[in-house]
Amino acid sequence: MPAGMKPLEKFLKKQTNALTRAGGFGDKAVGTGASRRRASLSRVVPFFRETSPEGGPARDVFSPETEEAPCWPSAAADIRSPSLSSDEQSSEASLDTSWTPLAADTPENLALTLLDSVAGKRYGNCTEILLDDFMLTHPIFLASDKFQQVLLQQFGAEGRQGEGWPSWDGVERKQAVLSVAFRYLDTYRELLQEEGDRSNSFPKDLYLCAVQELSRFPELVEDVLKLQRWTEILHNPAEEDKESRKKQVRPLFRHFRRIDACLQPREAFRGSDEIFCRVYTPDHSYVTIRSRLSCRVGEILALVREKLQYSEDQPTQPANLILVAVTSSGEKAVFRPSDEAVFTTLGVNTHLFACEPSELESLMPLPEEIHWSPGDSKLHDMSAEEVANQLVVFDWELFSCVHEVEFVCYVFHGEQARWRPLNLELVLQRCSEVQHWVATEILQCQSLPKRVQLLRKFIKIAALCKQQQDLLSFLAVVLGLDNPAVSRLRLTWEGLPGKFRKQFQQFESIADPSRNHKSYRDLLASLRAPLIPFTPLLLKDLTFLHESCKTFHGELVNFEKMHKVAEMVRSIRRYRSTQLVMEAEPSPSHLQTKAYVRQLQVIDNQNLLFEMSCKLEPKDM
């Protein structure tokens, strides 16, 4: 969605420009998806001259209208995930030599091949890899509802005629179906719980079928009991989980209302979670609504109308309202009534406005987003160590909340995804927020010596984030210092000691996008879990893989591509395979620092930042 991705576009604009100057950016790639999020990401991520991950020759991007035969990479082709470290790529390569990718086939036949593999161990030790590949990627080519139907049909089928399916008779068939079903339920548990009755019917129907087969196949008794537990889990979530979600309305970044709310550990957002949100009118008055995170724009407008009818400031009721996102720079994006979950797509200082279509052009950003007042930064009273620790802890909470399937849904389906990438969108919002926070703090400081102190502190914070393997905040701070409005402050940078300037130059080299971000990838290869990667680059790699070769040709699925997508998702799983543990002792003021880090006040209007910069150090100085 254009309004939601604008901050991320600005966030990576410098990298895009750098790659353009290096000749690495060309025409935008043509993809098969029409979602606004993916189209926006293609503008954000600087790689869409279709080169190989290692800077090899340009590769064709296939159009869905082409009638040519599919030109998919062979099993031996070097299309390793650019997100993997060298050790992981080596292990992946050794794995691939002993595992032959499945031939292209229809989605339903791929599901049958998976069941045959699980039943007869046809692929030996690689069955687990095949199963994980299918679970992580099947929403791309086989809708979950259809996959559930296939499992139910195959559980009740008595056999399949034809050569090559010897293990499909009797109990082995049913155990294979149940094994795959359990893996599916385990992988998508939280997402299925969120859907309620829509997903509860599948384990219930499978359970009823399995109970009827117990007299013929008593070996299924343990699986039937397990399936019964799954039915209860999805139908009746844990009481403590339900109670915790009833306690208070969940806060988003820009919707904190109480200090105790922002100090609570972050939990994964679900579409049914309720939030408070202000919706403004053209005169900058507002109504506060309480809404589900996933509700449609039409429902939001209905809540706004209900509030406005009791407002003394609105003597007449608007006949036809539209919902508009207005950024701090004045850019506007109109939402469709059918759009869902718009809250998490908003930029750092983007606000929702409800107005009539004739009032659209008159909408203006809020006054506090246009004007600024100089002042001393609270950072002067905080230690770099405490701030860095709080950044790392918060980033880990956010990154841990992202379901691994959200990465696939974000790139391959966008707005059409069955499961919306709500938590991933908040991580991307955090990237933009931290970057603009750095620029805001420095440019609001009027004193030259204090600005130099802030530069030193931010470089130290970046070093500490890197040391604690939080590459998300590390690169966000570096890019914030590299903001043109900050980098032009010649007097400020000249006051920085040589040791800090040299250290920052090293950090800039890590953020350098040349050679497909080689410096960053080398750093990533040297780290072990737990670590927090630079999430936008993960999305870039997934999008590159998606756009560089077809998913379908006709009705056939390129499952080798699905294997590569799954490998990238497994790299995310490896990053989180160990829990992050902070060893530092909290200081007496750590609660204040924690609240500050989780409620950053930022200016994300680049024009305003540049204006502030010129007032600090005019161009003729």
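How are H24 and H25 oriented to each other: parallel, antiparallel, perpendicular or oblique? H24 and H25 are oblique to each other, since angles under 35 degrees count as roughly parallel, over 145 as roughly antiparallel, 65 to 115 as roughly perpendicular and the rest as oblique. The report below sets this helix pair in its surroundings.

This is a predicted model, in which local features need pLDDT of at least 70 and side-chain atom pairs count only at pLDDT 80 or more, while totals for chains, interfaces and linings use all residues. Residues are numbered from 1 along each chain as its sequence is written, and side-chain values use heavy atoms, with hydrogens and water left out.

## The chain as a whole

The chain has 28 helices and seven strands; helices (H or I, at least four residues) and strands (E, at least two) are DSSP runs, numbered from the N terminus. Of its 621 residues, 55% count as buried, where buried means under 20% relative accessible area, exposed over 50% and partly exposed in between, with a 1.4 Å probe and protein chains only. Contact means heavy atoms within 4.5 Å. Among contacts between residues at least 6 apart in sequence, 74% join residues at least 24 apart.

## The sheet

Five strands form an open sheet in the order E2-E1-E5-E3-E4, with mixed pairing; two strands pair if DSSP finds at least two bridges between them. Strand E2 (286-292) and strand E4 (332-334) are the edge strands, each pairing on one side only. On average, and with direction ignored, neighbouring strands of this sheet are turned by 35° against each other. Axes here are lines fitted to C-alpha atoms, for helices over the stretch in contact, and angles run from 0 to 180 degrees between N-to-C directions.

Helix H14 (residues 297-308) packs on the sheet, where it touches E1, E2, strand E3 (322-326) and E5. The direction of H14 makes about 135° with that of E2.

Strand E1 (residues 274-280) runs parallel to strand E5 (residues 351-355), and two bridges join them. Val279 has Leu352 as its bridge partner in E5, and Tyr280 stands opposite Phe353 in E5. E1 and E2 run antiparallel and are joined by seven bridges. On that side, Tyr280 stands opposite Tyr286 in E2. The hairpin of E1 and E2 has five residues between the strands, and His284 in this hairpin takes a positive phi near 75°.

## Helix pairs around H25

Helix H25 (residues 535-548) packs with helix H24 (residues 514-525) and also crosses helix H17 (residues 404-412). A crossing is left-handed if the near helix is turned anticlockwise from the far one by less than a right angle, and right-handed if clockwise.

| Helix pair | Angle | Axis distance | Crossing |
|---|---|---|---|
| H24 and H25 | about 135° | 12 Å apart | left-handed |
| H17 and H25 | roughly 55° | within 10 Å | right-handed |

In the second pair, H17 is oblique to H25. There the contact is made by Phe407, Tyr410, Val411 and Phe412 of H17 and by Thr535, Leu538, Leu539, Leu542, Thr543 and His546 of H25.

## Backbone exceptions

Most residues other than glycine have a negative phi, and most peptide bonds are trans. A cis peptide bond joins Ala529 and Pro530, with omega about 0°. Pro530 lies in the loop between H24 and H25.

Asn516, in helix H24, has a positive phi near 55° and is not a glycine. Asn516 is buried, with a relative accessible area of 17%. Gln469 is likewise not a glycine and has a positive phi of about 65°. Gln469 sits in the loop between helix H19 (448-467) and helix H20 (471-481) and counts as buried at 17% relative accessibility.

## Cysteines

A disulfide is a pair of cysteine sulfur atoms within 2.5 Å; by this rule the count comes to zero. Cys401 is buried with a relative accessible area of 13%, and Cys409 is buried with a relative accessible area of 2%.
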